[in-house]
There are 2 protein chains.
Amino acid sequence: MTKLKPSDKALVPFVSVDHMMQLIHTVGLEPMMQGLAECIETDFKRWEVFDKTPRVASHSATGVIELMPTSDGEVYGFKYVNGHPDNTKGGLQTVTAFGLLADVSNGYPVLLSEMTILTAMRTAATSALVARYLAPKDSKVMAMIGNGAQSEFQSIAMKAIVGIEEVRLYDIDPAATRKCAANLAGSGLRVVPCDSAEEAILGAQIITTCTADKQYATILTDNMVGSGVHINAIGGDCPGKTELAPAILHRSDIFVEFPEQTRIEGEIQQLDADHPVTELWQVMTGQARGRTSDKQITLFDSVGFAIEDFSALRYVREKAAETQLFHPLDLLADPDDPRDLFGMLQRAGRA
Amino acid sequence: MTKLKPSDKALVPFVSVDHMMQLIHTVGLEPMMQGLAECIETDFKRWEVFDKTPRVASHSATGVIELMPTSDGEVYGFKYVNGHPDNTKGGLQTVTAFGLLADVSNGYPVLLSEMTILTAMRTAATSALVARYLAPKDSKVMAMIGNGAQSEFQSIAMKAIVGIEEVRLYDIDPAATRKCAANLAGSGLRVVPCDSAEEAILGAQIITTCTADKQYATILTDNMVGSGVHINAIGGDCPGKTELAPAILHRSDIFVEFPEQTRIEGEIQQLDADHPVTELWQVMTGQARGRTSDKQITLFDSVGFAIEDFSALRYVREKAAETQLFHPLDLLADPDDPRDLFGMLQRAGRA
């Protein structure tokens, strides 16, 4: 029996960049943010079942390439992601990513997906999910400091998940603010471009910082931050890269994804290794307390964790199947007789 | 400027299973074995430039999923590979694999390739390359014990690279031997099916063992192995899986890819942790001696190492470009302005 067409198991559903964009528009940007946040929350609430391997990094003079694997015992996932700060000079993305899910029981991949856009989506969905737990009740205004690739996603997610009505934009580059404001024009948010970080945080209950410098920068100084706000710190996400003055960290209650990773990559790399932090999954399961007073400064020291990618891929796997927005990729060899790989190769030569 | 077509850098060349088979037939099976061996030899000779990260394994009750990364400082590569011994019961492959190369300078992937077939090719090419260094001069006869998916590839590689003229086949399952013999019928090799391992090794200068049981098995016992042979031990390649009696190991000079990995996964897991072994790259560079006498038993304790996959992907990248046997895969988001990922997404919605 000669069979040259691969079986279903050998064809791995592939969600391209184009399909991912179509998927977002088919589901709707805000509903997809909500759906992603729901998957992430579900997975954070079952935190203990996950295999939490540290990411495997390959560093070079110009950047880093990382593999971020995890597994819940039934499904295995990993993300490939690079970080090359100088890429933008050549018109390339600083960060590109793709991801994969596989069936733990037989090791066969079940989804390959672009993750450059999906990572932007899941990062924003995570921020907004965390803000729903930690930001002051009825937060309506967010300061968005740093108006790069992540800024619109953050704004939309905070609208969809927290109910934010106004974003106040600031970037050291006014062109970035103009771009962000233009992109958010039809979003339903009130968009206020500002001339300084100080102006941006006026009246904001949530302050999101997302700047890209790979250096110890001080985007927020101590005297800028009043009591009662929630700080969503996205940009400090690798060794040597932070955004907040240490004094702010000392005034804040700090919440993190995975302490082992955040102490190396996050804002808290500026603090002692035993500085107290609260794990978000424990807040979500009720094992730890989130915001406890109106005066408290809460800080989400976001670095991005493999489980969030896993949750996002899980969501995409389901939605891609529903919408048929994928290509079947001929990635796995599938001989009729598993021992007869060579015979399959020979028959292909004759065909 | 609305640009919806991704740029060249955003499209990653993808070599499917079908394209890999076409590539092998276009290049020719034996020339491709030789080309792969040449790439592997080149890379073994520059062993010290490689980043030799241990593989990252995720174990489950039914098997293992591994990521095997490496880099030579200019190109980064990794392989995804699973090992699920019970898969064949359900008509699936025990091992499936795919791999990726990326440009270290900017982190952009430059090749995605199937590697189930390619791994079979590179494993055989490595075995034959090593046999060219270690087997007795003018070896003409190989015993092939274990006639599964790897057996034909091993036989062809030993013909193309070492000059073997006869293979003597044995498997506990006669159907496997019949399959292997049928597949090798037009290969130019003299194929001798045998009824026992003892019969198969009669007159053989090279003994290749490649059986699949995930347990301590004894495919070769001490009294079966005479002096002067080269043993190419493929099957013992994970903890708890070996093929050779310890007494044979004690009579042999043992050669390995990467001792740190082989002591865990190879035949030598049966020996003391300080049992002397020779690294193959040192034999190839002339820093260590290979075969030194006619009486010596040389043993290649093969487990498969990330650098071999890297070499194989490097070869495929070049040949795929020459033959155009690849698809451009829309894997990476590529906005005109790297900071304007959201704008790209919005324009796709309007299109």
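**The interface of chain B and chain A**

Modeller: The model is a predicted one, and its two copies meet through the same surface, because 99% of the interface residues of chain B are also interface residues in chain A. The arrangement of the copies fits this picture.

The contact draws 73 residues from chain B and 72 residues from chain A. Between them, the two chains bury about 6500 Å², and carbon and sulfur atoms account for 69% of that area. On the side of chain B, the residues that lose the most area to chain A are R339(B), F342(B) and L345(B), which together make up 12% of what that side buries.

Polar and charged groups also take part. Between chain B and chain A there are 34 residue pairs in polar contact. Helix α11 of chain B, residues 341-350, is the element that gives the most to the side touching chain A, with eight residues. By class, that side of chain B comprises 38 nonpolar, 23 polar and twelve charged residues. Two salt bridges cross the interface. In one of these salt bridges, the side chain of D173(B) meets that of R339(A), with 2.8 Å from N to O.

Where the domains touch, 19 residues of domain 1 are in contact with 26 residues of domain 2. The area buried between the two domains is about 2200 Å², with 66% of it from carbon and sulfur atoms.

Two salt bridges are also found across this domain interface. Among the salt bridges of chain A is that of E41(A) with R132(A), whose closest N and O atoms are 3.2 Å apart. Six residue pairs are in polar contact between the domains. On the side of domain 1 that touches domain 2, the elements giving two or more residues are α2 (29-45) and α10 (306-323) of chain A. Of the elements on that side, α2(A) gives the most, with ten residues.

Definitions and conventions: Residues are numbered from 1 along each chain as its sequence is written. Chains are lettered from A and ligands numbered from 1 in the order in which they are written. This is a predicted model: local features need pLDDT of at least 70, side-chain atom pairs count only at pLDDT 80 or more; totals for chains, interfaces and linings use all residues. Side-chain values use heavy atoms; hydrogens and water are left out. Contact means heavy atoms within 4.5 Å. Buried area is the accessible area (1.4 Å probe) that two parts lose on being put together, summed over both. A salt bridge is a side-chain nitrogen of Lys or Arg within 4 Å of a carboxyl oxygen of Asp or Glu. A polar contact is a pair of N or O atoms within 3.5 Å; within protein, one must be able to donate a hydrogen and the other to accept it, and residues adjacent in sequence count only if both atoms are side-chain atoms. Helices (H or I, at least four residues) and strands (E, at least two) are DSSP runs, numbered from the N terminus. Ala, Val, Leu, Ile, Met, Phe, Trp, Tyr, Cys and Pro count as nonpolar, Asp, Glu, Lys and Arg as charged, and the others, Gly among them, as polar.
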